[in-house]
4 protein chains.
Amino acid sequence: MSSVTAAGRDLLRSRGWISSDGKTALTLEQLCDRLLSSRGEALGTAIASTVVERCKEFDSNQCDAFFELLVARYGVDQQALAEAIDTYQSRPTAAARAALNRATEAPRQELFRRINMAPDGTQTLVNLRAQLLQSLAAKPHLGEVDSDLRHLLGSWFNRGFLQLTAIDWRTPAHILEKLMAYEAVHAMHGWADLRRRLAGDRRCFAFFHPAMPDEPLIFVQVALCRGMATSVQKLLEEAVDESAQSSADTAIFYSISDCQRGLKGVSLGNFLIKQVVLELQRDLPNLSQFATLSPIPGLVNWLQKNREVIEPSGEHSEALVALLDALADGGDPGAAWQRLEQSNGQQLVERLAAHYLYRAKRGQQPLDAVARFHLRNGAALEQVNVSGDTSVKGRAQSLGVMVNYRYRLDAVESNHEAFVSDHHIATEKSFIKQLEGNKRRQ
Amino acid sequence: MSSVTAAGRDLLRSRGWISSDGKTALTLEQLCDRLLSSRGEALGTAIASTVVERCKEFDSNQCDAFFELLVARYGVDQQALAEAIDTYQSRPTAAARAALNRATEAPRQELFRRINMAPDGTQTLVNLRAQLLQSLAAKPHLGEVDSDLRHLLGSWFNRGFLQLTAIDWRTPAHILEKLMAYEAVHAMHGWADLRRRLAGDRRCFAFFHPAMPDEPLIFVQVALCRGMATSVQKLLEEAVDESAQSSADTAIFYSISDCQRGLKGVSLGNFLIKQVVLELQRDLPNLSQFATLSPIPGLVNWLQKNREVIEPSGEHSEALVALLDALADGGDPGAAWQRLEQSNGQQLVERLAAHYLYRAKRGQQPLDAVARFHLRNGAALEQVNVSGDTSVKGRAQSLGVMVNYRYRLDAVESNHEAFVSDHHIATEKSFIKQLEGNKRRQ
Amino acid sequence: MSSVTAAGRDLLRSRGWISSDGKTALTLEQLCDRLLSSRGEALGTAIASTVVERCKEFDSNQCDAFFELLVARYGVDQQALAEAIDTYQSRPTAAARAALNRATEAPRQELFRRINMAPDGTQTLVNLRAQLLQSLAAKPHLGEVDSDLRHLLGSWFNRGFLQLTAIDWRTPAHILEKLMAYEAVHAMHGWADLRRRLAGDRRCFAFFHPAMPDEPLIFVQVALCRGMATSVQKLLEEAVDESAQSSADTAIFYSISDCQRGLKGVSLGNFLIKQVVLELQRDLPNLSQFATLSPIPGLVNWLQKNREVIEPSGEHSEALVALLDALADGGDPGAAWQRLEQSNGQQLVERLAAHYLYRAKRGQQPLDAVARFHLRNGAALEQVNVSGDTSVKGRAQSLGVMVNYRYRLDAVESNHEAFVSDHHIATEKSFIKQLEGNKRRQ
Amino acid sequence: MSSVTAAGRDLLRSRGWISSDGKTALTLEQLCDRLLSSRGEALGTAIASTVVERCKEFDSNQCDAFFELLVARYGVDQQALAEAIDTYQSRPTAAARAALNRATEAPRQELFRRINMAPDGTQTLVNLRAQLLQSLAAKPHLGEVDSDLRHLLGSWFNRGFLQLTAIDWRTPAHILEKLMAYEAVHAMHGWADLRRRLAGDRRCFAFFHPAMPDEPLIFVQVALCRGMATSVQKLLEEAVDESAQSSADTAIFYSISDCQRGLKGVSLGNFLIKQVVLELQRDLPNLSQFATLSPIPGLVNWLQKNREVIEPSGEHSEALVALLDALADGGDPGAAWQRLEQSNGQQLVERLAAHYLYRAKRGQQPLDAVARFHLRNGAALEQVNVSGDTSVKGRAQSLGVMVNYRYRLDAVESNHEAFVSDHHIATEKSFIKQLEGNKRRQ
């Protein structure tokens with residue numbers, strides 16, 4: 001198709017819109033104006049392609065300049081909006097309401113739709129939004145552009161348009177390479193690590209969008225186990241168990257990674273997990289449990305600020321406080337760790353982690369971001385696992401504790417409902433035991 | 001994937017939302033409410049699938065009832081809209097504008113987006129709109145639903161999401177069968193006719209959408225010729241010319257058919273034609289001319305109402321008037337045809353057809369619908385062809401005259417621009433001759 | 001790849017082996033000599049392609065001339081063979097044996113292998129053999145060429161190289177068109193008939209060879225039924241039963257057609273049936289019976305020659321004799337049929353058909369060709385069905401009787417073994433009843 | 001399909017041929033006997049699959065035992081052969097000749113064909129031959145088995161059945177992984193190295209066989225360059241040149257690797273090179289030169305044995321002799337290398353390398369194996385490149401010299417012919433200069 005794009009470029013050159021050295025003779029603003037005008041219709045994707053080419057070469061200053069243009073030139077026409085309100089208020093017909101709706105929609109939305117006509121248009125818009133999200137903190141007035149992009153991308157990346165794809169060692173290398181780059185939870189150490197994660201006792205699934213066939217949107221890595229998995233290091237390092245396909249009873253979702261920053265806020269993960277549960281149930285009827293092995297990213301942070309929850313109770317609470325001090329100092333916490341372990345502090349840590357997940361709140365929501373995601377999604381707290389992640393990062397953020405969120409499809413909807421309406425957190429018995437052990441003893 | 005859908009159904013059954021005999025225990029309204037609520041999130045595509053199943057089984061009464069529901073229950077909340085206007089007027093911030101925009105959007109748009117999550121959701125919405133368009137004449141108040149659906153489908157069927165596919169005799173039979181059913185211009189008479197239209201001296205291209213892989217959206221049939229084609233019967237009946245691939249200099253677009261009534265108003269044809277021109281240029285570099293061989297659907301109708309344009313000028317004008325009388329009577333115009341032909345009336349008919357295409361207007365637009373489409377699209381009038389379509393239908397609607405619209409890619413944009421801004425109709429010299437012959441002699 | 005073939009042709013032209021008008025400058029004999037020589041190695045597939053092009057344009061005289069060439073010029077060198085025998089007899093080493101083996105192989109085998117290097121080479125050789133089989137009756141001395149071709153094709157069309165493909169309404173039209181042409185048992189009446197045979201209650205499977213991807217080799221049509229099917233007209237005409245996929249307990253193989261005459265004698269059918277039984281068992285676990293509904297092509301012929309088996313026993317035997325007379329005369333047997341039906345002759349016909357299948361022999365083999373195929377294949381006689389095929393052809397060859405051969409995978413091997421070693425014919429109880437009814441009453 | 005294979009196994013178990021623990025109840029000999037007997041026909045691929053499973057688990061002793069079985073039990077029946085000779089000699093008909101041919105073919109050939117019916121059968125036979133080639137040196141009497149296998153594989157891996165596949169970074173990872181393992185000329189150092197070799201200025205092509213879709217048979221790596229490449233290190237290390245696709249005029253074949261030891265002696269490489277030349281010509285019309293950059297594996301070995309060709313001519317010849325001594329000693333030749341370089345020995349080395357390639361013979365053939373391959377293939381000697389391969393291996397085997405063999409398609413056939421009939425070596429002018437410089441000065 002690239003020769004077809006080339007033909008479009010020749011056309012624009014013949015119109016004097018692109019200069020002969022391949023650079024655009026028209027400014028980006030002029031191109032966008034033409035794209036939005038009825039000319040956009042006539043030259044099909046040619047102008048859009050030129051805008052896309054320009055966007056691809058943006059440095060961050062040019063990006064910001066484009067965002068400002070989108071606010072200033074392609075925002076809502078306030079005069080026209082005032083008139084549409086008048087018309088509606090004087091006679092509130094369906095037509096007047098529709099006109100009012102149109103008057104509240106910034107023209108940049110149509111501009112985005114036309115940019116999307118070009119090859120690579122969708123990816124370009126996703127990338128623009130990724131850039132935009134970076135600029136947003138310093139320039140909150142760009143928020144209205146973000147809001148429009150998010151609305152559009154949300155509609156285009158509707159679940160009905162996504163394609164679930166199983167990833168394995170037969171997947172094309174250029175896709176696998178991207179998975180390695182996008183893995184956000186437990187970094188992959190090269191191709192050998194990747195290959196192990198795609199072996200016979202593992203599964204991997206990704207969502208793709210037809211307009212971005214070479215770009216995974218989100219992917220989840222699954223381990224087939226006997227019983228609940230409690231240590232991510234064990235999962236990542238253990239030898240391949242070829243018999244797992246027939247003997248495993250549990251599927252552990254041990255890593256979920258978003259791949260496109262530009263799709264932030266577009267729901268993908270909740271669909272992915274439930275769809276994958278259904279796929280696995282069908283393909284591996286022996287599976288009876290579905291759960292995550294998830295990090296608890298906010299635990300240490302919260303403990304630092306809420307040390308009062310660590311009631312003084314002897315050697316292990318002292319050891320824990322010493323460890324938190326060491327972590328806060330940023331020094332080597334090695335000795336402090338040793339002291340905690342020797343003082344049998346695991347139970348204390350377990351109780352505190354369970355307490356944190358169940359009781360620490362921001363407003364009425366769980367404080368922990370991962371907890372919010374899975375609980376809102378309809379999962380239940382299954383159990384916390386001391387020494388679940390003994391990596392430096394794992395110990396620094398959560399004292400090495402991980403947690404299983406359990407997905408029971410027949411409870412997902414009521415869990416979700418109770419969570420959303422009553423802020424109720426679903427729990428399995430095993431978790432309650434850990435939590436109550438907590439209550440009883442503290 | 002069907003077993004996955006089945007699993008979703010089992011879920012709903014376990015929640016008591018579907019009864020055990022497979023019928024829905026909840027009403028459609030209740031299902032839609034739940035789909036729109038946050039539960040929609042939790043149960044993913046399961047509720048949406050159930051709504052889709054219900055829609056598929058609608059008779060036209062149920063369809064209309066659903067449309068009324070969409071107006072009454074899922075329309076704009078006018079109270080909330082009034083408040084949003086107040087807020088905006090009291091302080092017209094970007095946030096207030098965004099809130100106003102949301103308040104003007106009917107909740108049914110979100111409902112449609114959620115229905116789309118289900119397998120077959122997109123097709124279901126397209127089919128719903130096809131039904132809606134039928135009901136609209138009698139029930140104009142449904143127009144606001146149509147407007148929402150059209151907006152959404154326009155966004156989803158953006159050019160960037162469409163896939164151009166070459167159709168030939170190796171295409172799966174179930175697709176070919178649909179092309180036969182959808183052919184709207186020159187009906188196909190069974191598989192032998194289809195096969196001839198897919199032979200080596202023909203081309204066929206269709207747009208598909210990834211969410212409806214088994215349904216062509218629009219397709220165009222092309223004949224590879226030496227010189228401009230002037231008779232559609234010759235095109236359809238002539239023997240296959242295997243050498244056309246190397247020797248043809250002209251590509252004739254002799255049939256363009258929309259396949260999905262529910263996509264009415266969503267631009268597809270203009271993209272298709274230009275894209276196909278680019279594809280053909282690349283694959284067959286010998287081609288130097290691209291043109292249609294198009295019907296003139298409004299010619300006879302217009303002549304009946306504007307007989308004064310036929311200035312009395314002897315036998316052939318009398319013969320033509322007699323023919324129009326015979327056509328108006330609905331009787332057998334055979335004798336009248338013979339008389340016209342014997343009186344050498346072809347030139348008169350040619351002139352009148354050119355006159356009609358160039359001068360007959362509705363407002364400032366060409367009266368003829370096909371002319372409006374191609375001229376707006378950037379084509380130019382090339383020549384009218386007396387005896388271009390000698391079928392009963394062709395003679396009844398246009399006295400058998402057809403017309404070539406010429407597509408020159410390097411003129412498409414200026415033609416379009418001149419047409420849109422100044423109502424200027426682009427013409428080739430050959431057409432001007434036919435038209436002036438007209439002027440001169442009348 | 002065609003441009004690659006073209007490049008090869010340019011090469012030969014530059015060598016003066018093809019003349020500039022595309023015709024070969026060298027004779028076929030010269031081309032074959034070069035192809036067999038070491039030059040064949042150097043120019044890769046170019047010479048082979050030229051030979052293939054020539055073969056495709058053969059008329060039957062040129063074909064026969066080529067066959068004579070293959071006998072005369074590329075047969076065994078008898079002088080060299082005599083010497084190889086001498087060497088072997090004087091010292092029977094492994095090397096001498098190998099040399100003797102080579103000396104007994106005609107050089108045309110290597111010629112065939114080299115022709116096969118060209119695109120379309122395999123199909124060309126298959127077609128050549130189809131031609132050869134036609135010439136063989138008149139020219140038995142070509143038998144040695146046939147023997148070589150059959151050996152080679154048998155090796156190349158080894159089961160391990162065949163690909164089983166499910167055929168349905170999504171299959172490319174050019175393949176479906178060929179199935180219609182190749183159907184040899186119950187002729188298909190156009191696309192509507194084909195479509196019905198590919199509906200949800202039917203299955204169709206074909207073997208393909210990777211070197212001939214557009215050509216089915218053999219295909220079988222299957223009906224999913226409740227209980228044994230007894231009438232082919234019912235199968236072909238009945239309305240589609242969409243529930244058959246879940247409710248059917250029996251798979252009826254009602255048509256098996258070889259597609260390539262040139263593969264005569266290469267075992268395909270026996271593999272196909274058993275493989276399809278395995279596929280169906282896996283996909284449709286409700287199926288518990290697998291059987292054919294087969295013609296009895298030799299029944300009437302045999303009855304005409306063995307009228308004594310029809311013991312005089314009243315009206316129905318007289319009616320049958322009259323019917324056979326009418327069939328022999330070639331006149332309209334309508335009245336005779338009516339008489340037989342009115343005389344309740346069905347039981348008599350059933351008994352005679354069972355007797356024929358079980359007792360009529362050629363040597364120790366069943367006389368009926370279809371019976372020989374299925375019984376050798378390991379099937380058992382299940383039951384004969386009077387009025388199984390009421391077409392003109394069916395009545396003329398077998399008085400309308402058809403027969404079910406039952407395939408039980410766990411008995412296939414012992415049935416086959418008993419058939420091959422002891423000429424034992426496997427039967428189901430139902431058949432024995434029909435046969436013994438026969439014995440008892442006659 | 002694996003469930004289908006499983007069904008076949010169930011069948012054999014029900015016959016008592018496999019024991020319930022999955023181990024075979026019958027010996028391999030018994031299984032082979034049954035496979036060769038008519039039972040093989042009845043149970044289709046089931047027995048063959050069992051034999052294949054057994055072969056896959058062979059250790060080398062079991063392998064050898066199987067080979068002995070193939071000699072002893074499935075060799076030619078010498079008694080029957082003697083009789084066939086008698087019959088033929090008493091009456092040398094075509095039928096007697098055919099019978100004699102059959103009598104000279106060992107039954108193991110038919111056994112191999114039947115093993116091939118099983119899934120993985122072809123690969124199993126290829127692997128068996130790889131094993132056999134290892135055993136052959138110690139057990140020459142197995143040669144007759146090898147001869148049969150080679151004959152069969154030669155017929156099955158006929159050029160007409162091979163599929164040329166372009167390999168790039170979109171190729172499935174499990175295939176790429178195999179390429180890395182099979183690369184025999186310039187070892188790949190992990191995925192980064194592989195990725196560089198598949199970048200936009202490189203090409204890679206492989207032959208596959210349809211019965212072994214996951215196994216490359218042979219592959220060639222190509223660099224797109226401006227001008228002839230003279231250093232393999234530069235090729236392997238240089239930065240990607242994205243413009244090479246449009247600007248390169250030369251395609252350098254810098255590595256050709258066989259992947260299947262079991263296909264030794266089956267011609268693949270000569271077809272591959274010429275086919276790839278044709279493909280490249282079509283896709284990249286700017287290419288005007290096609291050549292290899294090849295090792296000279298035998299140079300140092302030959303110099304060691306033919307030191308007299310190094311006529312004493314001062315410092316550089318002494319330095320070279322010293323270097324050869326150092327290499328022969330197996331010590332570190334670093335100092336000797338330095339001395340040679342400082343003495344400007346490159347010209348001497350160049351002359352000697354050219355001399356070796358052109359004049360060093362084994363019988364009438366070039367002594368160097370790589371030279372034999374390309375020259376027989378129709379290539380010409382283009383030039384030798386001192387410092388073409390500065391790796392340890394390259395210096396040890398050829399003093400770091402590499403050579404370009406030039407492929408001109410229009411000369412390939414005459415070059416080949418002259419080489420085969422007259423032992424004539426084709427040369428380009430550039431090479432002759434290097435060689436004559438040689439002659440003149442030595």
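Predicted model: local features only at pLDDT ≥ 70, side-chain atom pairs only at ≥ 80, totals over all residues.
Residues are numbered from 1 along each chain as its sequence is written, and chains are lettered from A and ligands numbered from 1 in the order in which they are written.

- In chain D, α4 (residues 45-56) packs on α9 (residues 121-136) at an angle of about 40°, the axes being 10 Å apart. Helices (H or I, at least four residues) and strands (E, at least two) are DSSP runs numbered from the N terminus. Axes are lines fitted to C-alpha atoms, for helices over the stretch in contact, and angles run from 0 to 180 degrees between N-to-C directions.
- This angle makes α4(D) oblique to α9(D); angles under 35 degrees count as roughly parallel, over 145 as roughly antiparallel, 65 to 115 as roughly perpendicular and the rest as oblique.
- On α4(D), the contact is made by Ala48(D), Val52(D), Cys55(D) and Lys56(D), and on α9(D) by Gly121(D), Thr124(D) and Leu128(D). Residues are in contact if their C-beta atoms, placed from the backbone, lie within 7 Å.
- The contact of α4(D) with α9(D) has four nonpolar, two polar and one charged residues. Ala, Val, Leu, Ile, Met, Phe, Trp, Tyr, Cys and Pro count as nonpolar, Asp, Glu, Lys and Arg as charged, and the others, Gly among them, as polar.
- In chain B, α4 (residues 45-56) and α9 (residues 121-136) pack at an angle of about 40° with axes 10 Å apart, which makes α4(B) oblique to α9(B).
- The crossing of α4(B) and α9(B) is left-handed. Ala48(B), Val52(B), Cys55(B) and Lys56(B) of α4(B) make the contact with Gly121(B), Thr124(B) and Leu128(B) of α9(B). Four of these residues are nonpolar, two polar and one charged.

**Helices α6 and α7 in chain C**

- The axes of α6(C) and α7(C) come within 9 Å and cross at roughly 165°, which makes α6(C) roughly antiparallel to α7(C).
- The crossing of α6(C) and α7(C) is left-handed.
- From α6(C), Ala80(C), Leu81(C), Ala84(C), Ile85(C), Thr87(C) and Tyr88(C) meet Ala96(C), Arg97(C), Ala99(C), Leu100(C), Ala103(C) and Thr104(C) of α7(C). By class, the contact comprises nine nonpolar, two polar and one charged residues.

**Chains C and D**

- The contact takes 55 residues from chain C and 55 residues from chain D. Several helices of chain C each supply at least two residues to the side touching chain D, including α1 (2-14), α6 (78-90), α7 (94-104) and α22 (409-422). That side of chain C divides into 21 nonpolar, 20 polar and 14 charged residues.
- Two copies of a chain are related by a rotation about an axis and a shift along it.
- Chain C is superposed on chain D by a rotation of 180° with 0.0 Å of shift along its axis (RMSD 0.1 Å); the two copies are thus related as by a two-fold rotation axis. Such superposition is by least squares on the C-alpha atoms of residues with pLDDT of at least 70 in both copies.
- The copies meet through the same surface, because 100% of the interface residues of chain C are also interface residues in chain D.

- Chain B and chain A contribute 55 residues each to their contact. Among the helices of chain B that each supply at least two residues are α3 (39-42), α10 (143-156) and α15 (269-283). The side of chain B that touches chain A has 21 nonpolar, 20 polar and 14 charged residues.
- The same surface serves both copies, as 100% of the contact residues of chain B recur in chain A.
- No contact joins chain A and chain C, whose closest C-alpha atoms lie 14 Å apart. Chains B and D are likewise not joined by a contact, their closest C-alpha atoms lying 14 Å apart.

**Annotated domains of chain A**

- An unreviewed UniProt entry annotates residues 74-157 of chain A as "domain: Malonyl-CoA decarboxylase N-terminal". This span is 74% helix and 0% strand, and its end C-alpha atoms lie 23 Å apart.
- UniProt, again in an unreviewed entry, places "domain: Malonyl-CoA decarboxylase C-terminal" at residues 160-407 of chain A. Residues 160-407 of chain A are 42% helix and 20% strand, with end C-alpha atoms 22 Å apart.
- UniProt positions are given in the numbering used here, feature names are shortened, and annotations may be inferred rather than shown by experiment.

Note on methods: Left-handed = near helix turned anticlockwise from the far one by under 90°. Contact = placed C-beta atoms within 7 Å.
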